[in-house]
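Please look it over before reading on.

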Amino acid sequence: MTQDAVRALEAFIQRSAGHGAALAETGLPTRRVEAWRYTPLRTLADTAWHQAAPLASEAVSTFLDRLPLPENGARMVYGNGRLLEGLSALPEVATQGSENISPLKGMFSATLNAALGEKGLDLRIPAGTDAGLLTLISLSDGDNVSMHLQHRIVLEDGASLTLYDVNAGEGRYIANPRFDIVVGKGAKLRHVKLQRESLTGTHLAIVSANVSEKGEYDSFTLNQGSNLARHEAVVTLGAPHAIVHVNGVQIVDGQRLNDLTSMIHHAAPDGSSRQTVKTVLSDAGQGVFQGKILVDRVAQKTDGYQMNQALLLSEKAQINSKPELEIYADDVKCSHGATVGALDDEQLFYLRSRGVPEAQARDILVRAFLIDALDLVADEALRDLLGRSMAS
């Protein structure tokens, strides 16, 4: 390990107040770690990251004014890892629990969050209730600082919630949120995420979700910001007839890198999982998709689907795609695939010949490429907000 990497690691461990043993053991992952092969963290290694100061109210107002946010529903706002109580209110039907975050051994984002965790959502939706829409806003501002919010969401049997998870900031920082989610029998969680962090910031998010019988975890991630971003989903279908969707869009330009990594574990029979991820890359942007479907021997009648498609708008753009199936059951229907291409010259010529300017024509074709993925967001209002964000 280089001296620069030691500098970053020592700063994290010093801040961990005795909870950094696992972090000290694993260190910052390098390209030699297979799970991080395409997403190197050397941009983090040379900084002694410290805790952020409270976020000024003027900065909060500026952030909120320029974000695409719904006007209705409950709202929880965090600034630099702290709850902004004057701007926050939970859904009326929600209660707060005090359950521990489950361990995710060997996963760097989870290990870092466990060492430096800051209290985030602690939410329980009672059985049979619909909590409606909750907008979770996480704002970051500062240089050489890091935030590590820990969120715990439990949906009891038959409960439902729509979570709009918005991340934004200014400066050079690390946002490292962790979600621990339990979806009860027949419950449904829609998790729609907008990642619009600072273009000099880093976003290392990890979601752990366990879905019970006939429960549904329906997620969509729009990766649109950060110099380096990784959204990692670790989802277990733990009982029969569970349903999981882990979909997303990544839009990457400049020299930025965005990564969407998933591990979908079918641990019970008759489960269904779907994953569609589309990535648009321009300039020297880099995209990463790593998706694994693991089917246990007991998980007969599994139906799993995974597709990654990338559109390269520049010869310097790069996509690394690694879909993977690991199947131990013999009565399953599982498939995966990946495609990489450029804009269709004939379609571009057709639009140009009808008087459409080239920039507008290219934008039309890009949006046409992304529309199938965006349509997977079931909530129409949130789908429109994501569309607005993509256009800005």
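Predicted model: local features only at pLDDT ≥ 70, side-chain atom pairs only at ≥ 80, totals over all residues.

Residues are numbered from 1 along each chain as its sequence is written, and side-chain values use heavy atoms, with hydrogens and water left out.

Q: How many residues of strand β7 are buried?
A: Strands (E, at least two residues) and helices (H or I, at least four) are DSSP runs, numbered from the N terminus. Buried means under 20% relative accessible area, with a 1.4 Å probe and protein chains only. Strand β7 spans residues 160-175 and is mostly covered. Of its 16 residues, the buried ones number 14.

Q: How many bridges join strand β5 to β7?
A: Two strands pair if DSSP finds at least two bridges between them. Strand β5 covers residues 130-147 and runs parallel to β7. Asp-141 stands opposite Glu-170 in β7. The bridges between β5 and β7 number 15.

Q: Which residue of β9 is the bridge partner of Ala-168?
A: Strand β9 takes in residues 188-196. β7 and β9 pair in the parallel sense, over 9 bridges. In β9, the partner of Ala-168 is Arg-196.

Q: Which element supplies the largest share of the lining of the largest pocket?
A: On a 1 Å grid over the protein atoms alone, a pocket is an open set of points with protein on both sides within 12 Å along at least five of seven lines, and lining residues have an atom within 4 Å of a point. The largest pocket holds about 430 Å³ of space; among its 22 lining residues, Glu-34, Ala-35, Arg-230, Glu-232 and Thr-261 are the closest to its centre. β12 (228-237), β14 (257-266), β16 (286-295) and β18 (318-327) each supply at least two lining residues. The largest share, 4 residues, comes from β12.

Q: Which element gives the most to the lining of the second largest pocket?
A: This pocket has about 360 Å³ of space. Its lining has 16 residues, with Ile-251, Val-252, Asp-253, Val-280 and Met-390 nearest the centre. Two or more residues come from each of β13 (243-252), β15 (272-281) and α7 (358-374). The most, 4 residues, come from α7.

Q: What is the volume of the largest cavity?
A: A cavity is a set of grid points where a 1.4 Å probe fits but cannot get out. Grid points are joined across faces, edges and corners, and a volume is the space filled by probe spheres set on the points. A search of the whole structure finds 3 cavities of 30 Å³ or more. The largest has a volume of about 90 Å³.

Q: Which element gives the most to the lining of the largest cavity?
A: The lining has 13 residues, and Ser-138, Ser-140, Met-147, Leu-149 and Ala-175 lie nearest the centre. β5 and β7 are the elements that give two or more. The most, 4 residues, come from β5.

Q: Which elements give two or more residues to the lining of the second largest cavity?
A: About 50 Å³ of space lies in this cavity. Its lining includes Arg-190, His-191, Val-192, Asp-218, Ser-219 and Phe-220. The elements giving two or more residues are β9 and β11 (216-223).

Note on methods: Buried < 20%, exposed > 50% of the residue type's maximum accessible area, 1.4 Å probe, protein only.
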